[in-house]
Amino acid sequence: MDRPAPDQRPSLFSPYQMRRFSLSHRVVLAPMTRCRAIGGLPGPALAEYYAQRSTQGGLLISEGTIISPAGPGFPHVPGIYNQEQIHAWKKVVDAVHAKGSIFFCQLWHVGRASHQVYQPNGAAPISSTDKPVSGRWKILMPDGSYGVYPKPRRLATSEILDIVEQYRQAAINAIEAGFDGIEIHGAHGYIIDQFLKDGINDRTDGYGGSLPNRCRFLLEVTKAVVSAIGSDRVAVRISPAIDHLDAYDSNPLQLGTAVVEWLNALQKESGQLAYLHVTQPRYAAYGQTESGPHGSAEEESRLMRTLRGAYRGTFMCSGGYTRELGLEAVESGDADLVSYGRLFISNPDLVERLRLNADLNRYDRKTFYTPDPVVGYTDYPSLAKPKSRM
């Protein structure tokens, strides 16, 4: 991809036109599970949390939002599959829109990364496979302890289109709730990634084996959602080089390139998507940096740049970005938008802090996944409102 001339380089803080949406800057709130939606319903705490992180012309992506009763794998994550949830989300969306931000809902189904305790009638989680997540990983249980991932149930071929329909209906529900668009979570070892990665997908039907077959589920989900709400309201997130929850692929560059080529073809038919969101291989989970099993930082950077150069549309990157790395990514043309996660948790006014190069609050990892509506959630101070001293 040709790099922009120095005098034409955009900034992390310069405006950007993302299809129908006019952004005032390129700092995006990344989707992050926070476990504050008690009983699966977003409440006042979520409205305050997202409003705190809203800026005029900014883009926010919601935490992973469950598309069906079989979708969750964490306690107290919000859903978007019934009217009560739609009604509850409206109040959160209204709070974000009141601050002038654009709000996308990330549609989520964890697949095998669940447990019977989260499943209707205590059933086994569903997946592309019947292989469980290995003991390297632990699942957060409702009581705050960590458990072992159970053996999932392999979906029958005839059941897969039912899951596609759940995504389609969830997208319609999100628009009814007032969201500006949706992001399909096809990354990080969850159900779509369980079809994409050959380290997990061991199917012998039309959804397994060859690369086109492994991409088929994502293709069908994206087509269904685009047909329901329009391409300019749809985004896709992938992580071809990340091994989170054992989501390995033997050739992540080939996988990522295949997905990009397919998305480009879809866009010729249906119109350009809102964006493609790709997680940098340095993405970290459970406090440990993951580079994946495939080589050096140079190779990882080449993968990201290859996907950026191949994709015809808005390209968003995420995964451990600092102010300096975000500035470099946008100014060099490696990305149009940069999403920030943990830094946004502890800095509700992160956009302003990055703009001013101000000091950042440190986050407390112990409070990432608790049901407390305030502590570690809405109580981080901003520059305008420093924490009062007792």
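This is a predicted model: local features need pLDDT of at least 70, side-chain atom pairs count only at pLDDT 80 or more; totals for chains, interfaces and linings use all residues.
Residues are numbered from 1 along each chain as its sequence is written, and side-chain values use heavy atoms, with hydrogens and water left out.

**Exercise 1. Work out whether Thr33 is buried or exposed, and list what Thr33 touches.**

Step 1: Find the spot. Thr33 sits in the loop between β3 (27–29) and α1 (44–52); helices (H or I, at least four residues) and strands (E, at least two) are DSSP runs, numbered from the N terminus.

Step 2: Check the cut-offs. Buried means under 20% relative accessible area, exposed over 50%, and partly exposed in between (1.4 Å probe, protein chains only).

Step 3: Compare. Thr33 has a relative accessible area of 16%, so Thr33 is buried.

Step 4: List the neighbours. Leaving out residues up to four places away in sequence, Thr33 touches Glu63, Phe74, Val77, Trp108, Phe368 and Tyr369; contact means heavy atoms within 4.5 Å.

**Exercise 2. Describe the largest nonpolar core.**

Step 1: Know the term. A nonpolar core is a set of buried Ala, Val, Leu, Ile, Met, Phe, Trp, Tyr and Cys residues joined through side-chain atoms within 4.5 Å.

Step 2: Count. The largest one holds 84 residues, and Tyr50, Tyr167, Ile182 and Phe217 have the most contacts inside it.

Step 3: Zoom in on Phe217. Among the residues Phe217 touches, not counting those up to four places away in sequence, are Ile160, Tyr167, Phe195 and Tyr207.

**Exercise 3. Find the largest cavity and say what lines it.**

Step 1: Know the term. On a 1 Å grid over the protein atoms alone, a cavity is a set of points where a 1.4 Å probe fits but cannot get out, and lining residues have an atom within 4 Å of a point.

Step 2: Get the volume. The largest cavity holds about 30 Å³ of space; grid points are joined across faces, edges and corners, and a volume is the space filled by probe spheres set on the points.

Step 3: Read off the lining. Asp193, Leu196, Lys197, Ile238, Ser239, Pro240, Leu255, Gly256 and Val259 line the largest cavity. α6 gives the most to this lining, with 3 residues.

Key:
On a 1 Å grid over the protein atoms alone, a cavity is a set of points where a 1.4 Å probe fits but cannot get out, and a pocket is an open set with protein on both sides within 12 Å along at least five of seven lines; lining residues have an atom within 4 Å of a point.
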